[in-house]
Amino acid sequence: MQESTFQQIIQQPRARIAKYQEIIPAYYNRVTQTYLKQWGESFHLALFSEAETLREALDATERAIANEGGFSPGMKILDVGCGVGGPALNIAEYSGAHITGIDLVPEHIQIARQRALEKGLSDSTDFVCGDGMNMPFVDGSFDAVYIFDTGCYMPDKQPFYKECARVLRPGGLFLGLDLIRREGLSAEEQAKYIEPICRYQAIPYLISLEELHQCLTRADFVVKTIENAGELGNVLRNWEIIDNNFFKYINDVLLKFTPQNIRLLINGGNALLAGAKAEVIIMGHWYGYKANVAEEVE
């Protein structure tokens with residue numbers, strides 16, 4: 001996608017929704033290699049303990065999801081929006097479960113398959129290029145589904161969560177972490193903080209925890225836990241990493257001289273940092289399961 005077209009689409013919320021199948025791969029084609037170098041193979045935010053490095057916190061966050069879901073050998077698990085496979089490979093190695101990852105970006109799937117081969121995990125993982133809104137799996141294919149910072153990229157949240165329910169067996173688990181906006185934002189706060197986050201990261205729009213809860217229950221999930229993930233660990237360390245001295249130097253002095261893809265990441269980091277400082281964005285965490293046919297959803 002030409003840069004002028006890309007810039008035009010990300011500036012318009014309706015265009016980001018309508019053209020998500022084009023804009024999300026275009027965004028990651030610009031930033032994936034830099035993201036790999038600067039953040040690592042897990043394209044999501046982490047829950048930190050006191051002294052962890054970023055890599056340690058990402059590993060621990062992924063393993064916490066595996067523990068919460070009781071992932072174990074013999075289980076078939078789906079990672080929606082798997083990126084380059086970092087979480088899927090970590091969880092497969094840690095839990096012994098078989099992890100299938102699906103992602104809209106072809107380059108991500110190529111990298112994930114190569115990393116699985118290098119780590120000797122090709123037999124316990126599978127990576128598929130596809131759309132989370134319309135997944136190429138039959139009904140009831142998986143024992144559990146998880147996501148890390150994926151729902152925010154979906155252009156229509158309710159059908160997405162319904163699709164996650166479709167590929168789960170009855171009683172199957174659904175859990176994860178995602179970028180969420182605070183409840184009750186004014187139009188001014190939405191324009192000042194949320195829209196720049198979405199613009200610079202090709203996100204269609206963000207929903208609140210209450211809206212997420214409604215989506216999950218309408219998709220026939222029994223929600224056992226839904227909460228601000230800041231109760232589970234230190235989320236602020238993510239923003240401290242973004243706001244380090246080197247980042248400030250690039251932002252204040254070198255931004256206009258950096259390549260377009262680096263500038264995109266820096267602008268996205270700025271927007272996330274501003275939203276975190278204003279306390280208008282959080283990490284949401286949930287855990288639930290797909291209701292049985294005769295079971296009443298809470």
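In this predicted model, Arg166 is partly exposed, with a relative accessible area of 24%. Its side chain meets that of Asp139 in a salt bridge, at 2.8 Å from N to O. Arg166 belongs to helix 7 (residues 157–166), whereas Asp139 sits in the loop between strand 3 (125–129) and strand 4 (142–148), so the pair ties together parts that are 27 residues apart in sequence. Asp139 is exposed, at 56% relative accessible area.

The structure holds twelve salt bridges. One of them links Arg30 and Glu3 through their side chains, at 3.0 Å from N to O. Arg30 lies in helix 3 (residues 20–38) and Glu3 in helix 1 (residues 3–10), so this bridge ties together parts that are 27 residues apart in sequence. Arg30 counts as buried, at 16% relative accessibility. Glu3 counts as partly exposed, at 28%.

Glu211 forms a salt bridge with Arg181. The closest N and O atoms of Glu211 and Arg181 are 2.9 Å apart. Helix 9 (residues 209–218) supplies Glu211 and strand 5 (residues 168–181) supplies Arg181, so the parts tied together are 30 residues apart in sequence. Glu211 is partly exposed, at 28% relative accessibility. Arg181 is buried, at 14%.

Thr100 lies in strand 2 (residues 98–103). Thr100 has a relative accessible area of 8% and is therefore buried. With neighbours within four places in sequence left aside, Thr100 is in contact with Ile77, Leu78, Asp79, Asp126, Val128, Phe137 and Phe142.

Technical notes. Residues are numbered from 1 along each chain as its sequence is written. This is a predicted model: local features need pLDDT of at least 70, side-chain atom pairs count only at pLDDT 80 or more; totals for chains, interfaces and linings use all residues. Side-chain values use heavy atoms; hydrogens and water are left out. Helices (H or I, at least four residues) and strands (E, at least two) are DSSP runs, numbered from the N terminus. Buried means under 20% relative accessible area, exposed over 50%, partly exposed in between (1.4 Å probe, protein chains only). Contact means heavy atoms within 4.5 Å. A salt bridge is a side-chain nitrogen of Lys or Arg within 4 Å of a carboxyl oxygen of Asp or Glu.
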